[in-house]
Amino acid sequence: MPALPLLIEIGTEEIPDWMIRSALGNFREMVERALSDARLGGTVRLAEATPRRLALIVDGVLSRQQDSEELVMGPPASAAFKDGKPTGAAMGFAKKNGVDVAALHVEKTSKGEYVAVRKKLAGVEAGAILAEQLPQIILKIYFPKTMYWTGKGGPRFIRPIRWIVALLGGDVIPFTLAGVESGNVSQGHRRMGGNFAVSADSYVAQLAANGVILQAAERKQRILDGIAALVAGKGLTVKTDEALLETLVFLTEHPAPILGSFDAGYLSLPEEVLVTVMRHHQKYFSVADAAGKLAPHFVAVMNIAGDPDGIVRHGNERVLRARFNDARFFWEFDQKKKLAERVDSLANVTFQAKLGSYLDKTKRMVALVGELGGGADAGRAALLSKCDLTTDMVKEFTELQGVVGGLYARAQGEPEAVAQAIYDHYKPVSMEDAIPSTAEGRAVALADKIDTLRGCFGIGLIPSGSKDPFALRRAAQGVVKILVEGKIALPLAQVAGGDAALHEFLMDRVRYYCKDVRGFAYDEVNAVLAAGCESLPDVDERMTAIQAVRPTADFEPLAASFKRIKNILRQANFEAAGEVDGALLEPGAEAELFTAFAAAKTKVAELREGKDYRSALSVIASLRPQVDQFFDKVLVNAPDAKVRHNRLTLLANLLTEFSSIADFSEIVTSSQAS
Amino acid sequence: MDTFQETIFKLKRYWSDRGCIIQEPYDVEVGAGTMCPETFLRVLGPDAYRVAYIQPSRRPADGRYGENPNRLYKHQQLQVILKPSPSDIIDQYLGSLEAIGIDLSKHDLKFEEDNWESPTLGAWGIGWQVMMDGLEITQFTYFQQCGGIDLDLVPAEITYGIERLVAFLQDKSSVFEIDWTRETPYAKVRHAEELQHSVYNFEMADTEMLWQLFGLHEKECQRLVDSFAEYPDKARFPVLAAYDQVLKCSNVFNLLDARGAISVTERVGVIGRVRKLAVGVAGLWMAQNYPVVEEVA
């Protein structure tokens, strides 16, 4: 059976850049699965995409399925043959399968003997299979938002499909999708190429000849090399920005960067504003001078080979000038009314219908900052924190909320601590983002997030599934991160303000933070949280200590013993734990454990007090020989009730005393895990 | 270098050559060319239609007293509707750029995702902002729904912001410096209008009167919508007049908004009121033009 290359190219109008990579992956997986299910083999040699095409080349696809055999089971042998002669049942089965009765044979199965037949299945041509499957696969490619274009009820895709290349070897795999017939003709770059017949072997080169750089990695390299060449010898550096780079790679089929300039006078505007205009509104890279300061240049990436006459550069410079003029206009206009004079107008900006205006929120935040012990500067920052929502700058550049407020506060002579706190108070905006850099900033950020959480939970706006319109998960995550990394010992119960659902929601975020952000093992997280989580910085320290002590030889066996102790106490329904009566102790293992425990107890208490959890855990772990010996030699369920009670008391004290750092019984030991 | 009006002539000629009816601007205030009946109503239903027209579009909140070089209270849109959209629609669009003197081999062109939505009209579509040398020169949309109704044929809507486009072509740093004709700059034709309407919209508009107007137009529209069912001769029914009332409401809403008279909370509610009217009229238009024939058993 000959093996052939399979080439599929879906030609579309421009797909949104951020959807392309995952759509390509999804397309590739489905084609691979279809080939494998159809037993056609093949190895993907190329999976690439540009804004206008998703392309796959699969090598070694069988031109036809191998013939195969299928075993079809029939009636029980006892019913099919009587005295060696076929019955009606056997004949019916043979007829149904299109074979002679003589072709039947008997199969032994675990349920007894059955007649059966081996049917030969002729392999199907790969072209026929793919012609049927490809249209379905293409329409199944996942996109977050699709459209129809051929009319109501028509097929849906991310953008209209305009051509399809489907070739197996030299033959077109024929099908029609959304009125487009598959063929062997591809299209080049919109302005640098034409329409041309392709083959799997020369596909990439043919596209290149028509202005399309198919491989994303190559487009990326071109941008990087181009940028390096543009700034070489000029004492300039271009700030790396992976996300922007990725966007541009999938916004172009033939990227080429150009270096533009703007009037240095605009550098008097805040860098944050200039960078936002360049980055978010124009998709430009910003440029720094040798000292690392923003330079009056930018790098734009074109979707065309070159700009020999400087026309594109001139156009981009003109647009940027207009944008910067707008920003300057906003800046100057906004200064006419100070932040402090804008507080009252927050009454006109709704925070949430049932939770009132931003003025209401501001008042609650000011009170919260007080409760958090934030001080006068933090209180002032909270009062002014939302005022930038009424400025033209933030209306235009919403992503700069907070930042603009901070910049305006500084320009308007507010204390630096106030300005910085306003500037930072939306932080952290993600798990990767840093928390506010000052205590005042952390107080305002906490107050803002806590108010939102309490308010939304209070009116039943609780996130479910993927629905979280008020970004409460992010807010809660931010609270956790600030408490831990800012070393703020604020109990979560207080954060939740008595709302049980919110408390649990916050606990979920604590678990997520410990496991997914900090990388602690889930059982360590459970063990530490079970021992209490009044203070998150303390949780973090205990977690770190457990992680450090865990690999030591005594730790896991001791954890197993703790679990055993817990079970024993539970089975005995033992709760009250008074003092151990030394007189009732049996010499040997029991007395030794008691002595070791008493010594360790004092040491652990001291170490715990000094927050040296790691040493405290080591001391606890060092009790292992005595604990092991105790269980080896001593019968807890002693016949004498007094002795028994005393033994249970010893174990209970041991458990209580040493469970304040972590509940060891939550640790999954390796013997359990296996 | 073409003047402002020559560029408009060329675009109209270009789309006329491609089968478009060339309409004149609608004579009721609108915020965008999409709102004109030639788009809002004509995209509904199963009949093909091609139309292009200039539409002066009023956006009171965007006014800047004629001081900002790039912002206008009223700008002109060239609106093109091709229903259904032909498969070479993008090539046709690119041809229109060449027709107004853009050498595409020398410019950077990108199609960036930009899905259009008008909550007021119960309408949305999928498309791009077309960027040339970093400037958005066109909004391109495949309509999916209008007046809350899924569209039978998917129209392509191409909207050129004429001032911005011509400032680019004439390489002017302010729209007010555009040559409207060789002798007359844009400022001379329009500056006073920008200044005076900004003063009115931001400082002098009587919000109480505007709220009353909103209520009156809303009531009149709703009265018409409600009386359709009982009206005997459907073909005579003034659906188009009812739609004018929707446009009046929308414009008054924009004026109130510019005046800062609508809080964010109220906003959603008022938009909902206008949408209800728009959806109602769209339904009437469908019922009038494509009555469901009752099958006789």
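A crossing is left-handed if the near helix is turned anticlockwise from the far one by less than a right angle, and right-handed if clockwise. By that rule, α8(A) passes α9(A) in a right-handed crossing. The contact is made by Val273(A), Val277(A) and His281(A) of α8(A) together with Arg323(A), Phe324(A) and Ala327(A) of α9(A); here, two residues are in contact if their C-beta atoms, placed from the backbone, lie within 7 Å.

This is a predicted model, in which local features need pLDDT of at least 70, side-chain atom pairs count only at pLDDT 80 or more, and totals for chains, interfaces and linings use all residues. Residues are numbered from 1 along each chain as its sequence is written, while chains are lettered from A and ligands numbered from 1 in the order in which they are written.

Now for the contact between the chains. It takes 32 residues from chain A and 33 residues from chain B. On the side of chain A that touches chain B, α9(A) gives the most, with eleven residues.

Here are both contacts by class (Ala, Val, Leu, Ile, Met, Phe, Trp, Tyr, Cys and Pro count as nonpolar, Asp, Glu, Lys and Arg as charged, and the others, Gly among them, as polar).

| Contact | Residues by class |
|---|---|
| α8(A) with α9(A) | four nonpolar, one polar, one charged residues |
| Side of chain A that touches chain B | 15 nonpolar, eight polar, nine charged residues |

Finally, Val281(B) touches Gly147(B), Val225(B), Val239(B), Ala242(B), Tyr243(B) and Val246(B), leaving aside residues up to four places away in sequence.

Terms used: Helix = DSSP H or I, 4+ residues; strand = E, 2+ residues; numbered from the N terminus.
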